[in-house]
Amino acid sequence: MTAKQHGLKKYIVRLRDDERAQLNALIGKGKHSAQKLLRARILLKADASEAGPGWPDRDIAAALDTSIDTVAKARQLLVEEGLDGALTRKHSPASARRRIFDGAAEAKLIALACSAPPSGRTRWTLELLEEIPWGE
């Protein structure tokens, strides 16, 4: 049997008082991404220190309407990368899609889309923008 089947956790969350205060403040403000707020709530409920509730993953997943894998991943990130690593979204250059525009082409697109449309048109459309030679 695996650790998951036994209910044993490989990554135990034990928050310090300052980390718990930081997570509560983050949630209280509510001015962050939904993913960041969800991970903060997960970590607070998973806290197995004396001051924390130490909920099991299935209860956290049910209470926060997320998956058990999301809860397990938040635990793992905290233990391996610390609090900031658990809350910060990471983009892998190996898996990210290749950028279509560089900074200059993106600036040109924004300026053009905000400018007056071609004669006979009331606004820019994606089809019109697609016809522009961006490589020049």
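Which residues in α2 meet Leu83, Asp84 and Leu87 in α5? They are Glu19, Gln22, Leu23 and Leu26, where contact means heavy atoms within 4.5 Å. By class, this contact of α2 with α5 has 4 nonpolar, 1 polar and 2 charged residues. Ala, Val, Leu, Ile, Met, Phe, Trp, Tyr, Cys and Pro count as nonpolar, Asp, Glu, Lys and Arg as charged, and the others, Gly among them, as polar.

This is a predicted model, in which local features need pLDDT of at least 70 and side-chain atom pairs count only at pLDDT 80 or more, while totals for chains, interfaces and linings use all residues. Residues are numbered from 1 along each chain as its sequence is written, and side-chain values use heavy atoms, with hydrogens and water left out.

Two packed helices are described by the angle between their axes and the distance between the axes. Helices (H or I, at least four residues) are DSSP runs, numbered from the N terminus. Axes are lines fitted to C-alpha atoms over the stretch in contact, and angles run from 0 to 180 degrees between N-to-C directions.

For α2 and helix α5 (residues 68-87), the angle is about 15 degrees and the axes are 12 Å apart. The two helices are therefore roughly parallel to each other, a term for angles under 35 degrees; over 145 counts as roughly antiparallel, 65 to 115 as roughly perpendicular and the rest as oblique.

Next comes the pair α2 and α3. The axes of helix α2 (residues 17-29) and helix α3 (residues 34-46) cross at roughly 140 degrees and come within 9 Å. That makes α2 oblique to α3. On the α2 side, Arg20, Leu23, Asn24, Leu26 and Ile27 take part, and they meet Lys36, Leu37, Ala40, Arg41, Leu43 and Leu44 in α3. These residues divide into 7 nonpolar, 1 polar and 3 charged.

The remaining pair is α3 and α5, with an angle of about 100 degrees and axes 10 Å apart. α3 and α5 are therefore roughly perpendicular to each other. Residues making this contact include Leu38, Ile42 and Ala46 of α3 and Val71, Ala74 and Leu78 of α5. The contact divides into 12 nonpolar, 1 polar and 3 charged residues.

Finally, Lys45 lies over the face of Trp55, at 4.4 Å from the ring centre; the cut-offs are NZ of Lys or CZ of Arg within 6 Å of the ring centre and within 35 degrees of the ring normal.
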